[in-house]
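Colleague: I am new to reading protein models. Could you walk me through a few features?

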Amino acid sequence: KDINIEIKGGSMIAFVGQSGAGKSTIINLLPRFYEPQGGEIFIDDQNIHQVSLYSLRKTISLVSQDVILFDDTINANIAYADPKASEDDVIKACKFAAADEFIKKLPKGYETPIGENGVRLSGGQKQRISIARAILKKSPIILLDEATSSLDADSEKIVQNAIANLTKNKTTLVIAHRFSTIHKADQIFVLKNGSIIDSGNHEQLIKNSEEYKSLYEKQLK
């Protein structure tokens, strides 16, 4: 409702709020999974409704908690992001995504079939495959829909490092359920009932926003 924000290229922006506040809706408007009922969205002064879906989505990588994988090899699942990528490109992306180590230990390495939706992989392994795919795509805009929320502490640490590699010098929009994700965000928007009620960095919001403070304290407990 009545959202008007400007995001600087190369910055990291986070959205926080209770479940149903509208965080995913904002993220889903960018690749046009939803169309706005009013208003406009611009990327680099171009209205996203006046460009083709293909060219729009080529500039965006989405890493979410629900990783979509195909019943194929690891290599095919990652190269899906860029069919022209060489084997070396895929391996390089996996090293950045902290995935190369576990892949090399699999029975057939990069040619190991992973089953429908990656049934043969753990949650942390699936996330790293998804991050490797996003790294390979080299898109300038990264959307992170709380990619670490369902992982154990060890996996979360590895995935966090992989995400840091992925988002370096990229425009990044994060939906955060865990506040550890967003301490480094340049700006945080606090959502409630579909509206932005506060914004600032972590320190500013802890001092000035009751809603943010309450969300933060609940998590600490």
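**Patches, charges and a helix**

Modeller: Gladly! Phe-33, Tyr-34 and Leu-62 make a nonpolar surface patch of about 290 Å². This is a predicted model, where local features need pLDDT of at least 70, side-chain atom pairs count only at pLDDT 80 or more, and totals for chains, interfaces and linings use all residues. Residues are numbered from 1 along each chain as its sequence is written, and side-chain values use heavy atoms, leaving out hydrogens and water.

Colleague: Is Tyr-34 buried, exposed or partly exposed?

Modeller: Buried means under 20% relative accessible area, exposed over 50%, and partly exposed in between (1.4 Å probe, protein chains only). Tyr-34 counts as partly exposed because its relative accessibility is 41%.

Colleague: What is the nearest side chain of opposite charge to Arg-128?

Modeller: A salt bridge is a side-chain nitrogen of Lys or Arg within 4 Å of a carboxyl oxygen of Asp or Glu. Arg-128 is buried and has no salt bridge; Glu-101, the nearest side chain of opposite charge, is 6.8 Å away.

Colleague: Which residues of helix α9 are buried?

Modeller: An α-helix has 3.6 residues a turn, so residues three or four places apart point the same way. Helices are DSSP runs (H or I, at least four residues), numbered from the N terminus. In α9 (residues 210–220), the buried ones are Glu-211, Tyr-212, Leu-215 and Tyr-216. They are on the same side of α9 because they cover an arc of only 130 degrees around the axis, taken from the directions from the helix axis to the C-beta atoms.

Colleague: Which residues are exposed on the other side of α9?

Modeller: There, Glu-210, Lys-218 and Leu-220 are exposed.

Note on methods:
Patches are made of residues with over 30% relative accessible area and no salt bridge: like charges are joined within 9 Å, nonpolar side chains (Val, Leu, Ile, Met, Phe, Trp, Tyr) within 5 Å. Accessible areas come from the Shrake-Rupley method with a 1.4 Å probe; for residues, only the protein chains shown count as cover. Lys and Arg count as positive and Asp and Glu as negative; His and the chain ends are not counted. Helices (H or I, at least four residues) and strands (E, at least two) are DSSP runs, numbered from the N terminus.
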